[in-house]
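Please work through each task before turning to its solution.

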Amino acid sequence: MVWGRNGPAKYQTDVSLDHEDIKLLQVKLKLLLVKTYYSFPIQLLLLHFRKYQVLLIFWAIFFSTINGGFAKVFGGDALYLAPEYLGNVNFYSTTLLGLATGFFIMSWNITTFILHTSRFKFLATTSQPFFRYCLNNSIIPLTFLICLLVRGWQYQRYQQLSTVPEILLLAEGFICGVLFVIFFSFFYFFNADKNISRRLERRFGNPRNFLRTVLKPGQEHDENALPVHNYFSSPFRIRRARNVDHYNKHYLDSILKQHHFAAMITVGCALVFLVILAFLMDYNVCRIPAGASVMVFFAFLIGIAGAYAYLLQTWAIPVLLVMMFVLNWMTVNNLLDNRNKAYGLNYRQPKERPAYNVNSLQQFFSEERARRDKEGTLKILEQWKAKFPPGKKPRLVVMNFSGGGIRAAAWSMNVLQRLDTLTHGSLMDHTMLLTGASGGMMGASYYRELYHLKRLGKPMNIQDTAYTERISRDLLNSVFSALAVNDFITPFRSFKIGANRYAKDRGYAFEMQLNDNTDHVLEKTIRDYQLPEQQAIIPMLIWNATINADGRRLLISPQPISYLCAPEYKYPTRAVRDVDGVDFTQYFAAQHAMDLRVTSAIRMCATFPYVLPNVFLPSDPIVDVMDAGIRDNFGQETNLRFLYTFREWINENTSGVVYIQVRDTRKNDIRPIEKTKTLSNLIFDPLFTMQQHWSAMQDFEQDNQVNYMEGYFPEKFHRVIFQYVPQKEDKAAALSWHLTSREKIDIAGALDNTANQASFDYVLKLMK
């Protein structure tokens, strides 16, 4: 061993070599990082975030949706994780979603190819430039596909309760759909490459002319070009990007522009496909899954946005402002009018429309009119009483149903069927009035119609769970499909009922699908219920909606019920009534209000903002209506005013009131209070606090009204509440027009919780 000044020489040499190895490793690592950073995939990814960020919004929406963020309250994730086609989630439905997803991915690739290839001129020197571009632009699409497959597995396994073979079959369909579109697109562009080559040969002739043009000296420097060191030439091969400084810039641009033209043809194909879907919307086989429709629509939007930005360049924003101004002018001057109308109403005589203002409402809904309508309802009450043995005072049952989409509809049907079973079919005989909001009224309307059909002698068991399954079927698919392919692409389409014409939009799709789901038993007008209600064959039913202009209630009933449009109290110094509601059938009698479709009444009652279009009424000026839940999500105001109006008759002729409330949310529930506040909480909580607690505030106010009501029926007012409480706190069914298999099971299982069992027992005790 040789010793030096600082120790053995052998060890000094080893240490020196280690430092050199580390430096060499650092150099190699730095070189690798540089090559990675300047690789085509990374440069493309960074470019997307630096330029045309609006195109990334579509990806952000999809990522957020499938992960339970965006549109979660509407069941948006189900559109992609459980796509339905012809009422089933199967191989065909996921294949259609895969086709649409592939179409969206290719549209995004095409659009960004048009916008960004001027910065990567080396592509013009490669064979199949578009294929090379897509291959290197696959980071975001591949991440999305993997995320969708993983989330789809979780959703199908734990929400749809599918088996592993079923999930694998669904995944196979989706992957096949995506690959089919991708392979077809590449086949198209490979042929486009051949055509471009032939055009170049015809243009330049012999090779000398070609080289003289291509290698023309003294070309200007391209300031937009971005440095690229390497790129994927195939999925498993990396090549060094070719230096194109010696190529003529205009030659390279001409090659890329010819590819751009080939690419923009696909945008036109998307538009044609959407128009075809819109015109075939009435046929079940052409109603592709809603998620697929949205994918195709977004593919079209991306193509339009890319073409718009590419063609107009710096003029894009000024032209957009001009287009917005023109659209606004056309809307203001009724040149562009696709407002939704209530099907059955006559909108053709503007001069006969009733005036909608305070004075007109007060004059129309006079005390004298209320007195006449009250006498008419007293006759119905007498008919109801005549169904029971003479001398016996029956219990009078009134029910109200909360809003809450399909969740509320399914819960209402479950409760009504269980009550009918326990009371041996006598529940509806004792029921005088049904009212409520949104989805709850959908279930109540369906159940009452089934009861009516049974009373007419049709052989049917209304306790059959098949009816609950029918009302629980998906409505979201049709609504979102119509929104994507019809409302935006072909808003001019319409249909006729008699001499009246109405827009074919997502409102039309909703009613059409609701009729399909319920075997068309609700395909009636409200006039069809006028006589059965007057004869007390079926209970009275009142649909509610909220008038957007002033918050008044719109009360829809085949019976005249103006006594519910204003409180009974009088001011000593005032001779007019404070009208807070509008009796639809009387106020719009000249517009044939009795011909209103039942499904339209349900839709007006359940018009959740943006999901369904607001319904406009033929008044002067025109007013629109929205979901009943905005004013009263539980339907209690209507019931309580009805009971107060007829309190004397009820006390004299009945043994008491059974006041049943069917609600799809827990009463007196407190959301967890956050211990720490984020910046977004501090900014947005003051704006949305009231919205978050809207139902709770209605609860508190209406509980106070119910308390007063008990005083009008001493010892004879019995309130019973049935509430949907999920078996797991964080697994409640979504407020949506779609339910998963697990959610349907959870809703049915809520009948057996302790509180609801006690309510069922109490009803049985009261009805004995």
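Helices (H or I, at least four residues) and strands (E, at least two) are DSSP runs, numbered from the N terminus. The model is a predicted one, in which local features need pLDDT of at least 70 and side-chain atom pairs count only at pLDDT 80 or more, while totals for chains, interfaces and linings use all residues. Residues are numbered from 1 along each chain as its sequence is written, and side-chain values use heavy atoms, with hydrogens and water left out.

**Exercise 1. Determine the helix content of residues 91-115 and of residues 135-155.**

Solution. Begin with the UniProt record, an unreviewed entry, whose annotation "transmembrane region" covers residues 52-71, 91-115, 135-155, 167-190, 261-281, 287-308 and 315-332; its positions are given in the numbering used here, feature names are shortened, and annotations may be inferred rather than shown by experiment. Next, take residues 91-115, where the chain is 100% helix and 0% strand, with end C-alpha atoms 36 Å apart. Then take residues 135-155, where the chain is 90% helix and 0% strand, with end C-alpha atoms 30 Å apart. As background, the chain has 30 helices and 16 strands.

**Exercise 2. Describe how helix H5 and helix H6 pack.**

Solution. Two packed helices are described by the angle between their axes and the distance between the axes. Here the axes are lines fitted to C-alpha atoms, for helices over the stretch in contact, and angles run from 0 to 180 degrees between N-to-C directions. For helix H5 (residues 91-116) and helix H6 (residues 129-136), the angle is about 110° and the axes are 10 Å apart. H5 and H6 are therefore roughly perpendicular (65 to 115 degrees, with under 35 as roughly parallel, over 145 as roughly antiparallel and the rest as oblique). Finally, list the contacts (heavy atoms within 4.5 Å): Met-106, Asn-109, Ile-110, Thr-112, Phe-113 and His-116 in H5 meet Pro-129, Phe-130, Tyr-133 and Cys-134 in H6.

**Exercise 3. Classify the aromatic pair of Phe-180 and Phe-184, and then that of Phe-722 and Phe-760.**

Solution. Rings of Phe, Tyr and Trp (its six-membered ring) pair if their centres lie within 6.5 Å, and planes under 30 degrees apart count as stacked, over 60 as edge-to-face and the rest as tilted. The whole structure holds 35 aromatic pairs. Phe-180 and Phe-184 have ring centres 6.4 Å apart and planes at 15°, so this pair is stacked. Both residues lie in helix H8, 4 residues apart, about one turn of the helix. Phe-180 is exposed, at 54% relative accessible area, and Phe-184 is exposed at 53% (exposed means over 50%, buried under 20%, partly exposed in between, with a 1.4 Å probe and protein chains only). The pair of Phe-722 and Phe-760, by contrast, is tilted, at 4.6 Å centre to centre and 45° between the planes. Phe-722 in strand S16 (residues 717-723) and Phe-760 in helix H30 (residues 754-767) are 38 residues apart and link distant parts of the chain. Both Phe-722 and Phe-760 are buried.

**Exercise 4. Is His-430 buried or exposed, and which residues does His-430 contact?**

Solution. First locate His-430 in helix H16 (residues 427-430). Its relative accessible area is 12%, so His-430 is buried. Leaving aside neighbours within four places in sequence, His-430 is in contact with Trp-384, Phe-388, Pro-394, Arg-395, Leu-396, Val-397 and Met-767. For the chain as a whole, 51% of the 768 residues count as buried.
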